[in-house]
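The stops below are given in the order in which they may be selected.

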Amino acid sequence: MRQHESVGVHPESSLVQVDSDLSATYLSALIEHSPIAIIVLDADHRYTMCNPAFRRLFQYSSDELESSDLDTLIAAPRGVQEATNLTRRVLAGEKVHTVTQRRRKDGMTVDVELYGIPLMVNDRLAGVYGLYQDVTERNQARNAFRTVADKLEHIQQEERSRLARDLHDSTSQELAVLNWNLRKLMQLVADGDETIKALVYRTTTLAYECSERIRSASYLLHPPLLDHSGLAGALVGLAEGFEQRSGIRVDLTIPRKLGRFSDEVEVALFRVVQEGLANVLRHSGSTVVHISLKLQANWLKLTLADEGTGAEPREARRNTGTGINGMRQRLEQLGGLLTMHWTSSGTTITADLPTEYKIDA
Ligand SMILES: Nc1ncnc2c1ncn2[C@@H]1O[C@H](COP(=O)(O)OP(=O)(O)O)[C@@H](O)[C@H]1O
Ligand SMILES: [Mg+2]
């Protein structure tokens, strides 16, 4: 600050001088104290300088950096080719940003977020910057979180299917017997007292509603078709049921030989379609919905598109309730993502999931 105060009394030329001295001081202090490891190389990829964070991260001295090729020195085991490719791109003037691995002097591998930045002066390459941030802990925390979330989802799924089985195998069967007995009772009292007949009739209706409710609760907890016919079969069943109940036409495209995926993936995609269809019915006003499932390279891509009036994105965002958030969370837990595309001629949901979970049929 004091330097600034004295700047005003200097002639113009030295003012510029003081300012550029000052910014150089600021810049070198910034680099010196930056928690991000920074290295500067010249246009021939020779070491020029690095900051303390770089020395701390990779543990090499300036002498060692000066006498060796950086890529060979810090590339991850079996990763020299990747490192030299990145270098080639940066030396050709391209900015590079990636998350990868590098090796420290003590042999330990670290996950790094890496920026390679060409330094251009008058349209010519004067050198390159390498910025490295150690993201090992961040990655470990993310992986640990994902493992726990996977386990939780798995436990929840097991619990749901157990509940669904119990409801279906015992409660539903008992209710079926109850219904049957009540029907017999109705026949027995057909000529009897009106009050008794009315009571038996009301009880029969109640028992019927109960068993319907239990049936759909058990279905919602764990769609039985998923176990037997896999995702493809369960989606066909879901689409048919929805079409009959709602009168909305479902145009479903699924590859003929889809194969099977892990329970978590199949349930997640099934739930996305279930919620997507419920939204089409509740909010879109569309008379048709197009659902397609595609296997693309390492990704399973599901799209569900209606031809309704669509929602104002702002309104939808305001209203976003458990439905859309739930779909998003399910997919993200499995390393996938959900994209909503709102237009005035309809809404499209896209769910992308990595297929590393694929189980060969
Ligand atoms: N297919 C659709 N067409 C039009 N609007 C939709 C559609 N799907 C969702 N929306 C909008 O997004 C909002 C959030 O949906 P959701 O999270 O499923 O919650 P909910 O269905 O309980 O309102 C809805 O309230 C609605 O405004
Ligand atoms: Mg909804």
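Begin by selecting asparagine 279: beyond residues up to four places away in sequence, this residue touches Ser284, Ile324 and Met327, a contact being heavy atoms within 4.5 Å. Asparagine 279 is a residue of helix α10 and is buried, with a relative accessible area of 16%. Buried here means under 20% relative accessible area, exposed over 50%, and partly exposed in between (1.4 Å probe, protein chains only). Helices (H or I, at least four residues) and strands (E, at least two) are DSSP runs, numbered from the N terminus.

Before going further, note that this is a predicted model, in which local features need pLDDT of at least 70, side-chain atom pairs count only at pLDDT 80 or more, and totals for chains, interfaces and linings use all residues. Residues are numbered from 1 along each chain as its sequence is written, chains are lettered from A and ligands numbered from 1 in the order in which they are written, and side-chain values use heavy atoms, with hydrogens and water left out.

Next, display the magnesium ion (ligand 2). Its protein donors are Glu275 (OE) and Asn279 (OD1), 2.1 to 2.2 Å away; donors are N, O and S atoms within 2.8 Å of the metal (3.2 Å for Na, K and Ca), and because water is not among the atoms, sites may look incomplete. Glutamate 275 is partly exposed, at a relative accessible area of 24%. Both residues belong to α10 (residues 263–284) and are four residues apart, about one turn of the helix. An α-helix has 3.6 residues a turn, so residues three or four places apart point the same way.

Now select helix α9 (residues 224–246). Its 23 residues have end C-alpha atoms only 21 Å apart, whereas a straight helix would reach 33 Å at 1.5 Å a residue (the expected span is 1.5 Å times one less than the number of residues). Just after α9, glycine 247 has a positive phi of about 80°.

Finally, move to arginine 104, in the loop between β3 (96–103) and β4 (109–121). Arginine 104 is buried, with a relative accessible area of 16%.
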